[in-house]
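Subject: Structure handover

Hi,

Here is the structure I promised to pass on. My notes follow below it.

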Amino acid sequence: MADQVLDAKGLNCPLPILKTKKALKGMSSGQVLQVMATDPGSIADMTAFCNQTGNELLSQSNEGDVYTFEIKVS
Amino acid sequence: MLDAGENTKKMTIIVTKGTLDWAYPPFILGTTAAAMDVEVTMFFTFYGLQLLKKDLDLKVSTLGNPAMQMPMGGMHMSMPNIMPMIPGVDRMTTTMMKNLIKKKGVASIEELREAAIESDVKMIGCQMTLDLFELDRKDMIDEIQIGGAATWMEEAAKSDINLYI
């Protein structure tokens, strides 16, 4: 269960990443952020973002045009 | 403020162009890098300095952009280099692009610049360009510092990535 949900649907690169970063900043270590996006580029970008920043990408899934990511704050 | 530890990656971008289309690559890369914990310095010189003005009125021109194709009713319309000679064409192209930007959920340059400021991207305006084009520091946003090639060079020498756009 996510501690916080970010709706980044309809936004294009790099906004989902920028908004994810902003949301993570306000959270504490161990908490989980759920991000929903419609940008197909966010599949690759969210993985790269997590690899680089050390936050853990717990899961990613998609339903129709919506991609959902769960990120655990490092 | 980012922790400038030993492992912090650093990047600089030299921003030389001031049209609406060319404003995107440096601001997208700069803000994304900052979001990924990279310490970013952007050096705005020549026409790039336009992007630091308080009031942005950016335009796009088809001139010198022979690869430009605008999506239109499921097709793509080429923009021959002769077109900007016709009065009003650049204004029309700019309006078309701004509409596309809004429709596709792409950030505005104002929005990206604000994100850059928020994420502590260091922005340097070129002193020589201010003098050369008789631009006023007061017309530029407050959140910049003014410097020259050496100011960029000092950062570039310490950086992992240096881009020229």
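Start with strand 2 (residues 39–44) of chain B, which runs parallel to strand 5 of chain B and is joined to it by four bridges. Across this pairing, B:Phe43 stands opposite B:Ile124 of strand 5. Bear in mind that the model is predicted.

To get from strand 5 to strand 6, the chain passes through helix 4 (residues 127–132) of chain B. This β-α-β crossover is right-handed.

How much of strand 5 (residues 122–126) of chain B is buried? Four of its five residues are, so the strand is mostly covered by the cut-off of 20 or more other C-beta atoms within 10 Å. For chain B overall, 31% of the 165 residues count as buried.

Now the wider layout. Chain B has five helices and seven strands. Their order along the sequence is β-α-β-β-β-α-α-β-α-β-α-β. Along the principal axes, the C-alpha atoms of chain B fill a box of roughly 50 × 35 × 25 Å.

Last, the contacts. Take those in chain B with a separation of 6 or more: 72% are between residues 24 or more positions apart.

Best wishes

Terms used
Residues numbered from 1 in each chain as written. Chains lettered and ligands numbered in written order. Predicted model: local features only at pLDDT ≥ 70, side-chain atom pairs only at ≥ 80, totals over all residues. Helix = DSSP H or I, 4+ residues; strand = E, 2+ residues; numbered from the N terminus. Buried ≥ 20, exposed ≤ 12 C-beta atoms within 10 Å, placed from the backbone. Contact = placed C-beta atoms within 7 Å. Pairing = 2+ DSSP bridges. Right-handed = clockwise from strand over helix to strand, strands pointing away.
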